[in-house]
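Have a look at the structure first, then read on.

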Number of protein chains: 2
Amino acid sequence: MRTIAIAAVTLDGKIALDPDHFPDWTSAEDKVFMRALLDTADVVVVGHNTFKTAKEPLSKRNCIVLTGSVASTERKGDKLLYVNPGTTDLKAILEPYATVAILGGAKTYSYFLQHNLLHELYLTIEPVVFGRGISLFEHLEGSPTHFKLLSMRKLNEDGTVLLHYSLAAAK
Amino acid sequence: MRTIAIAAVTLDGKIALDPDHFPDWTSAEDKVFMRALLDTADVVVVGHNTFKTAKEPLSKRNCIVLTGSVASTERKGDKLLYVNPGTTDLKAILEPYATVAILGGAKTYSYFLQHNLLHELYLTIEPVVFGRGISLFEHLEGSPTHFKLLSMRKLNEDGTVLLHYSLAAAK
């Protein structure tokens with residue numbers, strides 16, 4: 001099982017202006033990349049807020065929604081499972097999948113990082129500054145986490161940059 | 001007069017864990033780059049907190065410190081001028097300089113962006129996540145600000161990335 005977080009951030013590390021901000025502010029080239037990567041994933045994991053803002057595009061994908069609104073797990077459809085990570089062993093649920101894509105938001109990215117369940121990160125840096133809003137990760141405690149850059153490339157003329165990282169060995 | 005902000009951020013867009021966090025968490029290669037760029041600047045602008053954390057390395061440079069602690073401007077030494085940007089025309093003070101380097105912190109970067117005084121940005125992205133702390137910009141209102149990527153390069157084996165942007169024409 002390999003988990004890959006996919007995130008687009010501003011130059012100031014924001015993923016959204018607020019929790020209801022639909023993630024459509026990113027470049028067309030990032031959307032193309034994101035869809036291609038999701039096509040390679042066996043399951044997509046999102047938080048409940050992110051799911052609500054992207055329900056339609058996610059409806060055709062095998063999807064796990066992290067939420068406190070169910071007691072443990074609840075099947076909501078053929079391709080849709082709600083999981084409460086506070087009461088359920090999320091790792092055991094993900095174990096059967098070869099490739100797990102993590103689509104956010106901040107709480108979900110943070111959950112995976114904090115529980116040592118994050119293996120790779122694709123970070124798209126859009127050439128824009130929000131100056132406020134929601135950061136990629138939130139409320140993490142302890143030491144900084146080190147990554148290693150695997151590749152970098154420019155996605156378009158404006159200068160959207162795609163960076164691919166893996167978790168580094170502890171320093 | 002050309003103003004250039006120089007900043008090192010984590011993957012989650014943080015410049016420090018807290019206001020007293022000495023900016024020594026960056027890579028050796030970023031420090032070399034930063035010093036070389038500061039050597040090309042005619043004056044360095046910093047906020048009072050950043051100045052306090054980097055007083056010694058800044059002592060040999062021509063330096064303007066932004067602070068609310070002086071009424072308008074106050075000369076503190078041959079190379080050191082305190083300026084209250086709330087009461088003083090900062091642009092007029094900077095006008096005689098060909099190249100102005102802006103070293104932070106968040107409040108100072110934000111001041112320049114908000115007052116249309118920012119021309120270029122060198123952003124070093126260190127492959128580390130803080131998961132909390134101070135973002136590059138803070139409390140900005142209004143529309144997002146668009147930039148244009150001028151160049152990108154990898155500074156070391158771990159994958160520290162240096163991105164160079166200019167302000168884009170309004171979209």
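UniProt lists residues 5-124 of chain A as "domain: DHFR", in an unreviewed entry (positions follow the numbering used here, feature names are shortened, and annotations may be inferred rather than shown by experiment). This is a predicted model: local features need pLDDT of at least 70, side-chain atom pairs count only at pLDDT 80 or more, and totals for chains, interfaces and linings use all residues. Residues are numbered from 1 along each chain as its sequence is written, while chains are lettered from A and ligands numbered from 1 in the order in which they are written.

**The contact**
- Chain B and chain A each put 32 residues into the contact (residues count as touching if their C-beta atoms, placed from the backbone, lie within 7 Å).
- On chain B's side, S11(B) gives the most, with seven residues (strands are DSSP runs of E, at least two residues; helices are runs of H or I, at least four; both are numbered from the N terminus).

**The sheet**
- S9 (residues 128-129) of chain A pairs with S11(B) in the antiparallel sense over two bridges, and Val129(A) has Thr145(B) as its bridge partner.
- S8 (residues 120-125) of chain B runs antiparallel to S12(B), joined by six bridges; Thr124(B) stands opposite Leu162(B) there.

Definitions and conventions:
Contact = placed C-beta atoms within 7 Å. Pairing = 2+ DSSP bridges.
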